[in-house]
Amino acid sequence: MFDLDLTEKARQQLLVVCAVAITFVWLAIGIGSSLLCSVVCFVYPAYKSFKAVESPQGDDDTQWLTYWIVYSTFNILEYFADLILFWIPMYNLLKCLFLLWCMWPIPNNGATIVYKKVLRPFLLKNEEKIDKRLEKVTGKVNKYVEDAKREANAFADSSAGQMLAAGTAVAAETASAQLDEALNEDEDKDKDI
């Protein structure tokens with residue numbers, strides 16, 4: 001179609017520009033844009049976080065932990081504001097651009113700025129309250145888990161639990177015997193052929 005005599009580097013640059021343009025248009029149009037935005041803003045940072053954890057330097061760990069704090073806060077706020085955000089034209093494009101700014105590999109990227117200017121002061125101010133509520137919730141969850149374990153053990157020790165276990169064992173033996181019988185019949189048929 002077109003006879004462009006491009007170097008390999010120019011071809012690669014053109015491919016990247018085309019991919020960015022297609023992604024931009026896709027996010028602007030809206031069909032599947034939420035999925036695309038989630039993939040772009042989750043998969044790449046997840047992989048970079050893996051690389052950061054595996055590297056000996058600690059500065060990249062801080063960069064990606066900061067991104068995940070901002071990302072999770074953004075997702076929580078987005079969940080509650082979804083009915084309003086739905087009406088904003090090209091919202092997923094704006095969201096994706098914001099999250100790209102947050103993950104951009106520069107010293108003062110969006111995540112660093114949002115964390116230092118908004119989230120860090122809020123979290124430091126409310127750290128004690130948050131810790132107390134988390135302890136209370138964790139205590140309740142642990143209590144429910146212990147109660148469930150106790151009830152499960154009591155049921156397993158009861159006659160109904162023993163009957164259920166015995167019935168399950170009989171059903172498993174019967175199913176195994178039927179399966180063996182069916183396999184033997186198939187083998188006999190194969191021999192006849």
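Where is the place of Leu 97? Leu 97 sits in helix α5. This is a predicted model.

A word on how to look. Two packed helices are described by the angle between their axes and the distance between those axes. Keep both in mind at each stop.

Start with helix α1, residues 8-29. Helix α5 covers residues 91-103. The axes of the two helices come within 6 Å and cross at roughly 130°. That angle makes α1 oblique to α5. Which residues meet here? From α1 come Phe 24, Leu 27 and Ala 28. From α5 come Asn 92, Leu 93, Cys 96 and Leu 97. The residues of this contact divide into 6 nonpolar, 1 polar and no charged.

Helix α1 gives the most, with 4 residues.

Next comes helix α2, residues 33-54. It packs against α5 at an angle of about 5°, and the axes are 9 Å apart. Because of that angle, α2 is roughly parallel to α5. On the α2 side, the contact is made by Ser 33, Ser 34, Cys 37, Val 40, Cys 41, Tyr 44 and Pro 45. On the α5 side, the residues are Asn 92, Lys 95, Cys 96, Leu 99, Leu 100 and Met 103. The count for this contact is 9 nonpolar, 3 polar and 1 charged.

Lys 95 has another partner. Its side chain meets that of Glu 78 in a salt bridge, at 3.1 Å from N to O. The pair links distant parts of the chain. Lys 95 lies in α5, while Glu 78 lies in helix α3, residues 59-80. They are 17 residues apart. How many salt bridges does a search of the whole structure find? It finds 5.

The last stop is helix α6, residues 110-157. The axes of α5 and α6 come within 5 Å and cross at roughly 90°. So α5 is roughly perpendicular to α6. Phe 98, Trp 101 and Cys 102 of α5 make the contact with Gly 110, Ala 111, Ile 113 and Val 114 of α6. These residues divide into 6 nonpolar, 1 polar and no charged.

Look back along α5. It is oblique to α1, roughly parallel to α2 and roughly perpendicular to α6. Through Lys 95, α5 also pairs with Glu 78 of α3.

Technical notes. Residues numbered from 1 in each chain as written. Predicted model: local features only at pLDDT ≥ 70, side-chain atom pairs only at ≥ 80, totals over all residues. Heavy atoms only, no water. Axes fitted to C-alpha atoms, helices over the stretch in contact; angles between N-to-C directions. Parallel < 35°, antiparallel > 145°, perpendicular 65-115°, else oblique. Contact = heavy atoms within 4.5 Å. Nonpolar A, V, L, I, M, F, W, Y, C, P; charged D, E, K, R; others polar. Salt bridge = Lys/Arg side-chain N within 4 Å of Asp/Glu carboxyl O.
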